[in-house]
Each structure stands twice: as C-alpha cells, then as structure tokens.
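Keep the 3D view open as you read.

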Amino acid sequence: MTQELSDFIQNLFSINNIPIHAVTLPCDDFDWLDHGLRCNILGDHRLTEICNAELKKLPSFTLHYFKDVFQCNYVVLRYSGEDEFLLAGPVLFENLTGARFEALFTRLNLPEILREPLQAYYYGLPVFTDQGSLETLFTLLANYLCGEGQYEVQRTSENDLDDWYHMYSNYLQVPDQPFQGIQYIEERYQVENELLQAVSKGNENQALELIARFNTITLPQRLPDALRDMKDYTITLNTLLRKSAEQAGVHPIHIDAYSNQNVQQIETITSLDQINQFRRKIVIGYCRMVNEYNLKGHSLPVQKIINYVSTDLTADLSLKAFASRLNINASYLSSLFKKEMGVPLTEYVNQHRIEHAQRLLLCTDLPTKSVAVQCGVSDMHYFSRLFKQIVGVTPKVFRESTSMADYYHLNQSAPSSGSADRTAREKSG
C-alpha cells in the first residue's frame, strides 16, 4: 500500500471518528488495539500474543467483523496474500450508559473496583450508531483493495471471542507484582473518598493535601493518547466533585455553570503538566462554593429565596412576591428570613444588587443606567442613592476611582453578603 493511499484511508476514517491502523505481522505490540482496556485496566497482558496468532489464521482477502465481550466492535481487512492488515476499532454501536452499562457489568462478573474505570473507558470510545453505513464504508474499501467480490466476509459473535479472552476476572495482576493493580485502584478510591468528604465540608487545606496525593497515584493509561486519557480522568474528577458540592447543600444553579466551565477549560489543556494544576484549581473552586453557598443550615423557604436572588437580580424580589411564590404568610416569611440571615430581606437583596453593580462598573463599559437595569433597579435616582448608601460614594465616583485590585482587597477585608450568609449559617448551626 502506498503512503498516499494510507494517508487517504487514515483521513477518511478519522473524519468519521473511527480508529484505523495498518499492521504487518508479526507485530510486537497490540495493546493500542483496545485502547489499553485489557492491559492497563484488566491487567491481562496476552493481547499481543493472541492477536498475532488469530490474525495469522485469517484467510487472505478477508473482511472480518467481530464484537468482543465488552460490546466493542472491530473490523479486520486482510487485503493481500501477505501478512498485511487494516484494523479498525474499537467502536460502539450504542451508548453503554445507565441500565445498559449495569446489565453488561453484571454479566461480565468483574470486581466492583473496575466499575468506574470501565465506565470511563466507554466514555472515551467513539459511538457509531449507523452500523450499516460503517459496513458500507468497509465494503467500498475492500472492493478497492481486493477487487470487487474478490474477498470473503466473515462475522464472529462475542461467544466465539470468549475462547480468545476467557475470564477477565482472573487476570487482574501485573507480572511479578501480585495484586498491585488492585492496590493502585484501592488507594485511588480511598484518596478520592477522603477528597470528596473534605470538599463537602469546604475544608480547602485538607482538600489540597488530598489532591496532591491523588496526583501522585499511578493511573492506568486507557487510551493511546496520554493527554486525552488524563483529560478524561480530570473530567471524571470534576463530576465527582460536582456531586460532592451538591450533597453539601449547594444548589445546582451554582454548580452547573462552574462544572460546565471546568469541562470546557479541560479541553483547552495542551500538556500533561497543566493537568495537576487544573485539578488543584477545581478543588479550590468547589471548596469555596461549598463555603459560599452551603444552605443546609437554612429552612427550605430561606434556601429558595437565596437561590432566587443568586439566579436573577432583575426579577421581582420583594417580600410580597416571595410570599406569593412560596405560598407563605409575608409577615412570617419576613421574620423567618431575618432570624436565619441576620438581616431583613430587603437589605439582603439590595446588598446583592449593589455588589453586582460594583462588578459591572469595574468590568464593563456599560452606562450606569444599564448597570442599574441589570441589577433590577429601573429608577436611576433611587439606584444612585442606594449605591452611595451601601458603598459610600456614587456609582460614577466608584468607577473612576476604584481599580479591580482595590475592589478585591476591599472585599477580602470587609463583610459582604457572602460573609453575612456564612455568619448566619454559623449562628444557626
């Protein structure tokens, strides 16, 4: 096969997100074929030996489709009389998530410690739901390389492949290091659990110590691309931390935006060195989110008010509106909120509106009137009086005389609505 033809085939299949490799036997390494599933996750190091032996048995000019016990699909094309092959896969024909994954995991009879690694493995595989189109693509390729109708088509069921791979639960080991694979996984799970507990308590120092330990643990490389593999591990970590913050009482409205932002930033990482630093960053972010928005110490009506205020400052945030929305007596709601938060509802709302106004004045070029509207105050004169009452100067003076650094230091030393929230929680706790 010419280099030009090889490049064309690679480009054709990469457009369809299908891994494909040209192989000449004997090949001294087939661990890339299943993206390291058997070697790195299951500890089974026989794949290279098995592939060399089984591929050698295929007749010349053969198009062979097979699916393994993990529901991963592969295609092998032996396109000449020589030991030359094109190998494509692994590809899924369905998303293996939820109940579908649980049924497969149970049927495979694998140890529980392999649940998350296997889930993450499936997450990284391409899904090609149109099986017929995939076969059409290979038919065209086989016709070109072998001659139209000059090749045999074979299909192998997963039951036949059980003879290749036997019981994977018996191969969870590293040669000369009995049970080391299990020890790595157990250590990782222990550190992860401790990390999640630290984050759920907002204990930033402890969480940073634990993420430093986590970053030193050897994680099995599941994909040929080491950077992609570490990105996937970090996305999984972000998901675990997200759930930890939710269990701590942080409303999903705060978690979702931060979690999605983290995934987007993970995809922009260009080196392995950046991975560990980014993991530290997201751990700090979730700890501070727990400390800022942990509402478990508040009654349900007060929790809802806090979340409404955090979500949309332009809405009607009056006591009357909240009482109607929550179907609670206004006088009772007013007393309840002040008891738990330490300040009246109106003062709490105004504080949040002016804090948001400060950020808009410093970070945007919006006219002051537009800033007022975005903070839920349509009356410009009232907005200016309220701003000066809380900040001490008018919006115009604040914008002209305050830098972002000044604003940051001011908010580190002076009480804010966030610190008021925390103080109220401490009192109620």
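Contact here means heavy atoms within 4.5 Å. The coordinates are a predicted model, where local features need pLDDT of at least 70, side-chain atom pairs count only at pLDDT 80 or more, and totals for chains, interfaces and linings use all residues. Residues are numbered from 1 along each chain as its sequence is written, and side-chain values use heavy atoms, with hydrogens and water left out.

**A threonine and its neighbours**

Leaving aside residues up to four places away in sequence, what does T48 touch? Its contacts are C27, D28, D29, F30 and D31. T48 belongs to helix α3, residues 47-57; helices (H or I, at least four residues) and strands (E, at least two) are DSSP runs, numbered from the N terminus. With a relative accessible area of 17%, T48 is buried. That label means under 20% relative accessible area, while exposed is over 50% and partly exposed is in between (1.4 Å probe, protein chains only).

Most residues other than glycine have a negative phi, and most peptide bonds are trans. Here are some exceptions to look up.

The peptide bond from L25 to P26 is cis, with omega near -5 degrees, and P26 sits in the loop between β1 (20-24) and α2 (37-41). G89 and P90 are also joined by a cis peptide bond, with omega about 0 degrees; P90 is part of strand β4 (residues 84-91).

Q71 isn't a glycine, yet its phi is positive, about 65 degrees. You'll find Q71 in the loop between β2 (62-67) and β3 (73-78), and at 9% relative accessibility it counts as buried. N327, not a glycine either, has a positive phi of about 55 degrees. This residue lies in the loop between α14 (319-326) and α15 (330-341). Is N327 buried or exposed? At 72% relative accessibility, N327 counts as exposed.

**Helix packing**

Two packed helices are described by the angle between their axes and the distance between the axes. The axes are lines fitted to C-alpha atoms, for helices over the stretch in contact, and angles run from 0 to 180 degrees between N-to-C directions.

| Helices | Angle | Axis distance |
|---|---|---|
| α4 (residues 98-108) and α5 (residues 115-123) | about 125 degrees | 12 Å |
| α10 (residues 226-247) and α11 (residues 252-268) | roughly 170 degrees | within 10 Å |

So α4 and α5 are oblique to each other, while α10 and α11 are roughly antiparallel. For the cut-offs, under 35 degrees is roughly parallel, over 145 roughly antiparallel, 65 to 115 roughly perpendicular and the rest oblique.

**Rings**

The whole structure has 11 aromatic pairs. One of them is F387 with F398, edge-to-face, at 5.5 Å centre to centre and 70 degrees between the planes. F387 lies in helix α18 (residues 380-391) and F398 in helix α19 (residues 395-401), so the pair ties together parts that are 11 residues apart in sequence. Both F387 and F398 are buried. Rings of Phe, Tyr and Trp (its six-membered ring) pair if their centres lie within 6.5 Å; planes under 30 degrees apart count as stacked, over 60 as edge-to-face and the rest as tilted. F101, F105, Y121 and Y122 form one aromatic cluster.
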